2 protein chains.
Amino acid sequence: MKVIEKIREATAANDSRAVFSFEFFPPKTEDGVDNLFERMERMVAHNPSFCDITWGAGGSTADLTLEIANRMQNMVCVETMMHLTCTNMPVEKIDHALETIKSNGIQNVLALRGDPPHGQDKFVQVEGGFACALDLVKHIRSKYGDYFGITVAGYPEGHPDVIQDGVAPPEAYQNDLAYLKRKVDAGADLIVTQLFYDTDIFLKFVNDCRQIGITVPIVPGIMPINNFKGFLRMTGFCKTKIPPEIMAALEPIKDNEEAVRAYGIHLGTEMCKKIMASGIRTLHLYTLNMEKSALAILMNLGLVEESKIARPLPWRRPANVFRVKENVRPIFWANRPKSYISRTVGWDQYPHGRWGDSRNASYGALSDYQFLRPRSRDKKLHEEWAVPLKNVEDIYEKFMKFCLGKLRTSPWTELDGLQPETKIITEQLGNINLKGFLTINSQPAVNGAKSDSPSVGWGGPGGYVYQKAYLEFFCSPEKLNALVDKCKIFQSLTYMAVNKEGTWKSNINNTDVNAVTWGVFPAKEIIQPTVVDPQSFMVWKDEAFEIWSRGWAKLYPEDDPSRKLLEEVQSKYYLVSLVDNDYVHGDLFAVFKDI
Amino acid sequence: MKVIEKIREATAANDSRAVFSFEFFPPKTEDGVDNLFERMERMVAHNPSFCDITWGAGGSTADLTLEIANRMQNMVCVETMMHLTCTNMPVEKIDHALETIKSNGIQNVLALRGDPPHGQDKFVQVEGGFACALDLVKHIRSKYGDYFGITVAGYPEGHPDVIQDGVAPPEAYQNDLAYLKRKVDAGADLIVTQLFYDTDIFLKFVNDCRQIGITVPIVPGIMPINNFKGFLRMTGFCKTKIPPEIMAALEPIKDNEEAVRAYGIHLGTEMCKKIMASGIRTLHLYTLNMEKSALAILMNLGLVEESKIARPLPWRRPANVFRVKENVRPIFWANRPKSYISRTVGWDQYPHGRWGDSRNASYGALSDYQFLRPRSRDKKLHEEWAVPLKNVEDIYEKFMKFCLGKLRTSPWTELDGLQPETKIITEQLGNINLKGFLTINSQPAVNGAKSDSPSVGWGGPGGYVYQKAYLEFFCSPEKLNALVDKCKIFQSLTYMAVNKEGTWKSNINNTDVNAVTWGVFPAKEIIQPTVVDPQSFMVWKDEAFEIWSRGWAKLYPEDDPSRKLLEEVQSKYYLVSLVDNDYVHGDLFAVFKDI
């Protein structure tokens with residue numbers, strides 16, 4: 001979706017709160033990239049209207065920027081705006097970048113001229129490239145029509161190139177404004193400003209823009225002060241005016257980083273308050289890849305609440321323009337959403353957004369991708385799981401400990417720790433794991449909780465949400481037989497079980513799709529975003545069994561007895577999906593009582 | 001659906017109860033037809049696997065049979081099997097009949113040679129027609145391929161034509177069996193037998209059929225004895241053997257019709273028990289258009305229960321093969337289902353059976369059909385509604401009385417009296433009608449009732465069903481304004497209102513489809529069969545307003561002041577659809593309290 005549409009939608013409501021966005025840059029190391037994505041996951045949970053990623057100066061990190069943008073849009077599932085500059089970019093390279101993000105379902109570009117190439121003072125037009133952002137805007141509109149939302153930069157104090165002795169001459173400032181209007185007239189639909197610390201200058205700039213007929217939203221760029229030296233370097237580079245009272249406040253605390261950051265949060269909050277008081281409902285935060293100050297400012301403004309993370313669906317809604325209508329998913333990938341997304345990337349058709357209609361769509365084959373994990377978590381996983389295993393009871397204990405929160409990682413989950421709703425049933429989960437029912441997925445029953453409940457709610461206020469209790473686990477054939485017997489008494493239970501070879505046991509038909517999460521909202525049809533579906537279960541089981549070897553056993557040396565044990569379990573055990581259809585009076589754990 | 005498939009499905013389950021069917025014949029008078037359909041509605045509520053309608057002897061009532069079959073399949077919504085005979089039927093007439101029922105979504109034919117033409121003793125092949133049922137079966141299969149399920153008649157005692165002195169000679173009986181096998185080999189997939197009273201003869205016949213390789217189900221035809229003279233006439237005509245113990249039992253009570261009928265029920269029950277004990281799970285009842293004896297036998301057998309009429313959906317599921325997948329309907333036609341069916345008859349495409357996808361499908365235009373009602377009810381309607389009206393309060397009173405059950409008819413409903421669930425809220429409805437909110441449709445809120453609840457349940461056992469409270473009414477513009485004001489406080493309410501000219505007032509978007517009935521079942525997606533939908537509301541409102549004139553005002557002479565009053569209300573009032581989205585804690589009637 002275009003950012004401008006998101007902003008219009010969000011600010012159209014009468015009681016609209018302000019919306020906000022975060023800017024990141026491509027880290028220099030691989031570990032840095034891992035860390036950035038972990039941070040992004042946490043920040044995106046607060047529902048920014050978009051995030052943007054800068055373009056490497058001189059195009060040096062171009063490929064990395066494209067890859068990060070792709071992962072942001074499709075894995076983190078946040079509406080992503082990619083910066084694109086003219087520096088060292090012949091038109092073929094520009095089109096390569098635009099085609100790439102277009103095919104990845106990204107719809108937003110921030111079009112910039114860019115800084116001078118590395119080691120030079122002045123911007124130089126590359127052969128076959130563009131001289132300025134205006135040309136880039138024109139090119140995008142003429143070649144890609146209406147597909148992209150285009151954002152351009154606004155300079156409240158004038159472009160640094162024209163600032164002399166800390167201020168732009170009036171004529172240069174006016175030329176700059178006129179140039180901005182030309183960028184908008186050429187097709188830009190949004191302006192994000194350069195950073196500033198004098199709020200009056202920004203407000204005057206907005207007013208000046210309106211005077212000459214610029215009507216698109218102008219989003220203030222706010223950079224929280226994190227440390228004194230960085231602040232001086234950045235404002236120097238951008239030739240940003242520093243109001244004397246700010247310098248006076250910083251000078252006495254400049255060596256106390258903690259105090260500087262606290263002041264930065266205070267200052268950012270006050271600036272935003274003043275801006276919002278003028279009627280502006282959009283804020284853009286230059287995070288410098290750090291989360292604390294940005295979130296603290298938003299918290300001060302009441303725009304994020306730690307305890308109230310609103311989920312539009314029980315799972316992270318896709319941002320990719322080609323799959324935004326997706327509103328149903330099989331439950332099996334709940335702990336491996338990235339694996340699910342990468343396997344289904346080939347689904348370019350979601351008829352009516354109904355997952356159920358895509359039965360015949362081919363899931364992507366099992367690929368290495370599904371076994372990639374951020375390197376920083378690999379170490380932790382190795383530490384927690386690659387320990388000697390004497391017998392199956394040692395395996396049971398691992399699963400039990402993960403359920404009780406005593407381990408942070410599991411080979412079967414991409415996420416950190418447990419989902420909040422799982423915590424409701426940790427003790428019961430621990431018990432059945434010790435009995436040899438090795439759970440890898442679960443949800444408690446929910447009978448009409450308010451849709452804004454912090455633990456199980458989704459879809460916004462005013463509705464009621466429901467869940468059928470669900471368990472997914474590995475167990476031995478003997479334990480499965482005992483369970484199957486008891487299911488004849490516990491009539492509200494339905495199960496599917498399959499081993500690595502594909503031997504199938506179930507008390508449902510293989511066409512029975514079971515909605516296990518649904519919500520009822522005012523003036524809406526029933527929304528049923530999570531299902532248990534036999535056909536996708538058969539696709540998932542290959543991955544689930546594969547994790548025994550590729551996710552766990554391979555952590556040991558080749559002939560290690562622990563590895564042998566794991567491979568034996570992998571070859572013998574069943575994967576079982578168990579639903580209690582009585583979400584009103586049922587007790588899913590009762591069936592395990594005498595097993 | 002083909003009857004053979006329904007029988008296979010029903011008898012496949014391990015714990016299968018027997019299935020049953022009813023046979024009717026075309027009545028001779030129009031009132032008789034009206035009465036037959038009222039009776040059929042009641043009998044179909046007990047869920048027969050099909051009903052059949054006989055073909056007029058000599059083809060005299062051919063058109064009537066076609067019309068009745070159409071109404072059975074599409075209005076009563078019962079799987080219908082039409083008899084078709086060769087008597088006086090050149091092939092063009094046969095094809096006309098078959099094309100007609102095919103286009104009406106009927107898939108079942110009982111192929112017969114038929115009786116001799118009126119006034120003759122022997123069957124005569126008409127020019128350009130067929131000589132026997134076998135030729136008819138062959139014709140249907142060759143011309144219509146696999147579309148029709150074909151049933152043929154079996155004669156446990158041999159065909160009457162070959163019965164001499166009360167019994168068929170062994171050779172003739174064997175020839176008859178061989179002929180039956182040829183009919184099956186030519187494409188018949190089901191056998192229904194001639195009536196009989198000696199169960200042993202029937203069981204021997206079944207065994208004889210199996211011996212010569214007839215494998216299709218053989219359904220016994222049971223005719224309950226209703227009165228002695230009719231019994232003698234029928235058994236004489238069919239040359240049916242009467243076991244001496246039956247005659248001995250009837251002789252002493254032959255003049256006591258009540259006693260004969262009671263014996264008939266007893267005898268029918270015993271015959272069916274013996275048949276079912278032999279493993280046969282299908283029963284066909286020759287009703288002679290009467291309901292009591294047939295239902296009494298089924299009740300004795302435990303196959304119908306007065307109190308447990310299972311509804312597969314909140315509304316009667318279509319039997320028409322072209323719309324069996326229909327599983328969503330707008331609520332507006334709840335009291336005029338036949339009008340809805342006739343308006344949507346042109347929808348030959350129900351993608352995935354989702355009503356929501358058919359938004360652009362054209363509803364049939366308002367036609368006279370939608371204002372037809374059985375003549376027997378017309379009289380009652382006139383009696384109850386065509387009374388002098390002095391002022392609007394007299395109108396209010398009419399609506400109020402209908403809600404309280406003090407009137408049986410209403411111009412706005414095709415059904416007799418109130419739906420059972422409406423009775424839960426009659427008093428509240430009466431109150432608001434007296435205030436000038438003239439209700440024509442309503443349902444109470446239901447928060448997770450068991451799906452086999454007699455009043456609000458549907459979909460079979462094991463699930464939970466829900467409803468949002470719903471009201472639909474006419475009211476004056478002033479009353480509407482008061483209501484709109486109060487809806488700002490009662491935030492769980494959504495409404496749409498429109499007057500005859502199309503002036504629209506609402507607090508929802510015109511694309512918001514609201515599910516107001518839904519059900520949650522084991523191993524199923526959520527089923528949401530009834531919706532409130534703005535687009536179909538606009539179609540319905542024409543019909544709803546038209547009923548003021550065509551359904552009510554036209555009952556008065558042209559210049560009658562009552563008629564004038566009704567036309568004034570029609571031109572000024574709004575039609576309002578009101579939903580309480582809080583089905584858990586809401587109270588839809590609270591909003592009317594101080595109006």
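The following exercises concern a predicted model.

**Exercise 1.** Determine which residues of helix α1 of chain A are buried and how they are arranged around the axis.

*Solution.* 
Step 1. Helix α1 of chain A comprises residues 3–12, and Val3(A), Ile4(A) and Ile7(A) are buried there.
Step 2. These residues lie on the same side of α1(A), because they cover an arc of only 100° around the axis.
Step 3. Arg8(A), Glu9(A) and Ala12(A) are exposed, and they sit on the face of α1(A) turned away from its buried side.
Step 4. The partners of the buried residues of α1(A) in packing are strands of chain A, including β1, β2 (50–53) and β3 (80–84).

**Exercise 2.** Classify Lys239(A) and Asn289(A) as buried, partly exposed or exposed, and state where each is found.

*Solution.* 
Step 1. Lys239(A) belongs to the loop between α8 (228–238) and α9 (244–250) of chain A.
Step 2. Its relative accessibility is 36%, so Lys239(A) counts as partly exposed.
Step 3. Asn289(A) lies in the loop between β8 and α11 (292–300) of chain A.
Step 4. Buried means under 20% relative accessible area; Asn289(A), at 7%, therefore counts as buried.
Step 5. Lys239(A) is not a glycine, yet its phi is positive, about 55°. Asn289(A), which is not a glycine either, has a positive phi of about 65°.

**Exercise 3.** Explain why strand β18 of chain B is described as largely enclosed, and identify strands that pair with it.

*Solution.* 
Step 1. Strand β18 of chain B spans residues 574–580, and seven of its seven residues are buried, so the strand is largely enclosed by the rest of the structure.
Step 2. In a regular strand the side chains alternate between the two faces of the sheet.
Step 3. Tyr574(B), Val576(B), Leu578(B) and Asp580(B) point one way from β18(B), whereas Leu575(B), Ser577(B) and Val579(B) point the other way; all are buried.
Step 4. Strand β13 of chain B (residues 469–475) pairs with β18(B) in the antiparallel sense over seven bridges. Within this pairing, Phe473(B) has Val576(B) as its bridge partner.
Step 5. Strand β14 of chain B (residues 493–499) also pairs with β18(B) in the antiparallel sense, over seven bridges. Here the bridge partner of Asn499(B) is Tyr574(B).

Definitions and conventions: Residues are numbered from 1 along each chain as its sequence is written. Chains are lettered from A and ligands numbered from 1 in the order in which they are written. This is a predicted model: local features need pLDDT of at least 70, side-chain atom pairs count only at pLDDT 80 or more; totals for chains, interfaces and linings use all residues. Side-chain values use heavy atoms; hydrogens and water are left out. Buried means under 20% relative accessible area, exposed over 50%, partly exposed in between (1.4 Å probe, protein chains only). Helices (H or I, at least four residues) and strands (E, at least two) are DSSP runs, numbered from the N terminus. The arc is that of the directions from the helix axis to the C-beta atoms. Contact means heavy atoms within 4.5 Å. Two strands pair if DSSP finds at least two bridges between them.
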